[in-house]
There are 2 protein chains.
Amino acid sequence: MQIHPSNSNQILPNSFISAALLIIGDEILSGRTEDKNLNFLAKSLNEIGINLKEVQIVGDVESQIIESLNNLRAKYNYVFTSGGIGPTHDDITSLSVSKAFNDVFEKNLEAEQILFNHYGKENVNEARLKMAFLPRKAKLLENSISSAPGFIVENVFVMAGVPKIFQAMFEAAKKHLISGNKTYSIEIKTFLTESAIAKEFANLQQKYPQIAMGSYPGIGQTSLVFRGINYEEIETVSKEMNNIILKIEVNKK
Amino acid sequence: MQIHPSNSNQILPNSFISAALLIIGDEILSGRTEDKNLNFLAKSLNEIGINLKEVQIVGDVESQIIESLNNLRAKYNYVFTSGGIGPTHDDITSLSVSKAFNDVFEKNLEAEQILFNHYGKENVNEARLKMAFLPRKAKLLENSISSAPGFIVENVFVMAGVPKIFQAMFEAAKKHLISGNKTYSIEIKTFLTESAIAKEFANLQQKYPQIAMGSYPGIGQTSLVFRGINYEEIETVSKEMNNIILKIEVNKK
């Protein structure tokens with residue numbers, strides 16, 4: 001299923017709206033830069049009931065960007081990209097997106113005007129003007145803090161790599177997104193090891209397959225996370241697990 | 001090309017050995033946990049001349065793990081996975097890897113013995129014993145700090161999600177990896193904007209296509225990064241760019 005941003009005032013009956021993130025940039029793969037956008041996007045999408053299902057990270061390589069983008073946009077309701085929309089020769093995201101959609105790559109007059117307004121027309125050299133070249137079908141993703149040309153093509157949101165700008169563009173993107181049901185989570189902790197509660201935890205998962213249950217080892221403790229769209233239900237189930245844990249603790253003494 | 005770990009004492013003439021990382025875990029996609037393994041692996045591989053070319057992040061979903069793993073292991077010399085090898089029901093990486101290779105999933109006696117030695121035989125319950133079930137073809141990735149069963153199947157290295165254990169397993173993995181030529185990088189900074197140097201920077205890239213050149217905007221400055229396997233060459237080219245920058249700065253005054 002593809003959801004087009006123009007239908008954004010419609011609330012789908014489907015509780016699970018899916019999304020993917022495509023991070024573009026040699027600097028992430030070489031270790032020079034630590035990505036900060038994944039965690040922000042994961043949390044922000046969760047807030048509005050959209051499930052981030054997959055992330056791909058590729059270098060500044062046109063064929064890789066096109067392949068990943070076409071794969072992800074066919075599989076998920078929304079795809080967000082991060083990086084590669086600046087003025088230098090290694091910024092090839094906009095052109096790659098255009099090719100992925102077999103679209104015409106041309107100067108977007110609205111984007112050009114934003115650059116003129118921001119820098120003054122006399123300061124918009126060839127490199128800056130390059131940022132106004134977008135796929136013909138692109139709709140601009142206007143944002144308050146940057147004249148960088150974030151844009152939307154169908155279900156793909158093309159955004160900057162710099163975290164502050166990525167975040168501002170996501171704020172702008174939100175009004176184009178269809179929200180799903182929010183996923184709530186409850187985390188409980190125990191000093192028991194994962195293996196001491198694994199069997200009962202698996203039984204509980206079988207009893208409530210609609211709730212996603214994960215176990216994460218920490219230093220001297222184990223965290224159990226319950227996730228679902230019905231808060232009361234995950235509250236009930238996490239209490240059930242808490243009682244099981246208490247019994248195991250008592251039996252150990 | 002697939003490189004098999006057993007040939008690890010052979011240095012290939014190919015300078016570019018490629019790798020991918022597959023991060024497995026709902027906790028990364030929900031935003032609960034920030035991944036720390038990507039940046040560590042990127043830097044560590046770089047040190048030994050292996051290029052990290054792609055990263056995929058998927059949830060605890062068998063079909064997703066199998067699809068991503070089969071895709072990546074066909075495309076790159078090495079694949080590292082992170083996460084999902086613990087004792088609880090949401091730890092499904094080992095079984096998924098086994099299925100991806102159409103291998104028999106069975107108890108590995110060596111892995112069982114490590115668990116017995118670590119915990120004491122009487123403390124290895126069903127959940128802990130689950131960690132000893134591996135693909136038949138698996139070779140153990142022994143490491144100093146954990147009894148968790150990291151393992152190797154062909155060109156795939158299956159490692160833990162907990163950063164400290166991931167790092168220890170990578171140390172163990174290193175002796176099975178064929179090194180390539182190390183990629184060196186030099187970074188220069190300027191107070192000029194990206195757009196002020198974009199044209200000359202692109203010209204330089206055309207002149208030296210064998211060097212990867214990237215531009216990264218920062219607060220009040222621009223970083224230019226030159227990467228290549230010949231240190232003297234990137235030093236020369238970065239100095240050439242430095243001289244160009246000086247001229248542009250002078251012309252601006």
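## Close-up views

**View 1. Helices lying on strands.** In chain B, helix α4 (residues 93–100) lies across β1, β3, β7 (151–153) and β8 (156–159), running at about 15 degrees to β7(B). "Lies across" goes by contact, that is, heavy atoms within 4.5 Å. Helices (H or I, at least four residues) and strands (E, at least two) are DSSP runs, numbered from the N terminus. Axes are lines fitted to C-alpha atoms, for helices over the stretch in contact, and angles run from 0 to 180 degrees between N-to-C directions. Over in chain A, helix α7 (residues 163–174) lies across β1 (17–24), β3 (78–82) and β8 (156–159), and runs at about 150 degrees to β8(A).

A quick note before you look further: this is a predicted model, where local features need pLDDT of at least 70, side-chain atom pairs count only at pLDDT 80 or more, and totals for chains, interfaces and linings use all residues, while side-chain values use heavy atoms, leaving out hydrogens and water. Residues are numbered from 1 along each chain as its sequence is written, with chains lettered from A and ligands numbered from 1 in the order in which they are written.

**View 2. A sheet built from both chains.** Follow the strands of this open, twelve-strand sheet in order: β6(A)-β7(A)-β8(A)-β3(A)-β1(A)-β2(A)-β2(B)-β1(B)-β3(B)-β8(B)-β7(B)-β6(B), with mixed pairing. Two strands pair if DSSP finds at least two bridges between them. At the edges sit β6 (139–140) of chain A and β6 (139–140) of chain B, each pairing on one side only.

**View 3. Where the two β2 strands pair.** Strand β2 (residues 50–58) of chain A pairs with β2(B) in the antiparallel sense, over five bridges. Look for A:V58, which stands opposite B:E54 in β2(B). Eight of the nine residues of β2 (residues 50–58) of chain B are buried, so this strand is largely enclosed by the rest of the structure. Buried means under 20% relative accessible area, exposed over 50%, and partly exposed in between (1.4 Å probe, protein chains only).

**View 4. The neighbours of β1 in chain B.** β1(B) and β2(B) run parallel, joined by eight bridges; B:I17 has B:I50 as its bridge partner in β2(B). Strand β1 (residues 17–24) of chain B also runs parallel to strand β3 (residues 78–82) of chain B, with five bridges joining them. There, B:L21 has B:F80 as its partner in β3(B).

**View 5. Two helices of chain A side by side.** Helices α8 (residues 194–207) and α9 (residues 231–252) of chain A pack at about 155 degrees, with their axes 11 Å apart. α8(A) and α9(A) are therefore roughly antiparallel (angles under 35 degrees count as roughly parallel, over 145 as roughly antiparallel, 65 to 115 as roughly perpendicular and the rest as oblique). Residues in α8(A) including A:I197, A:F201 and A:L204 meet residues in α9(A), among them A:M241, A:I244 and A:I248. The contact of α8(A) with α9(A) divides into nine nonpolar, no polar and three charged residues. (Ala, Val, Leu, Ile, Met, Phe, Trp, Tyr, Cys and Pro count as nonpolar, Asp, Glu, Lys and Arg as charged, and the others, Gly among them, as polar.)

**View 6. A tyrosine of chain B.** B:Y216 lies in strand β10 (residues 212–218) of chain B. At 13% relative accessibility, B:Y216 counts as buried. Its contacts include A:D26, A:R32 and A:D90 from chain A, along with B:E194. B:Y216 and B:E194 are 22 residues apart along the chain, yet their C-alpha atoms are separated by 7.8 Å.

How values were computed:
Lists of a residue's contacts leave out its neighbours within four places in sequence.
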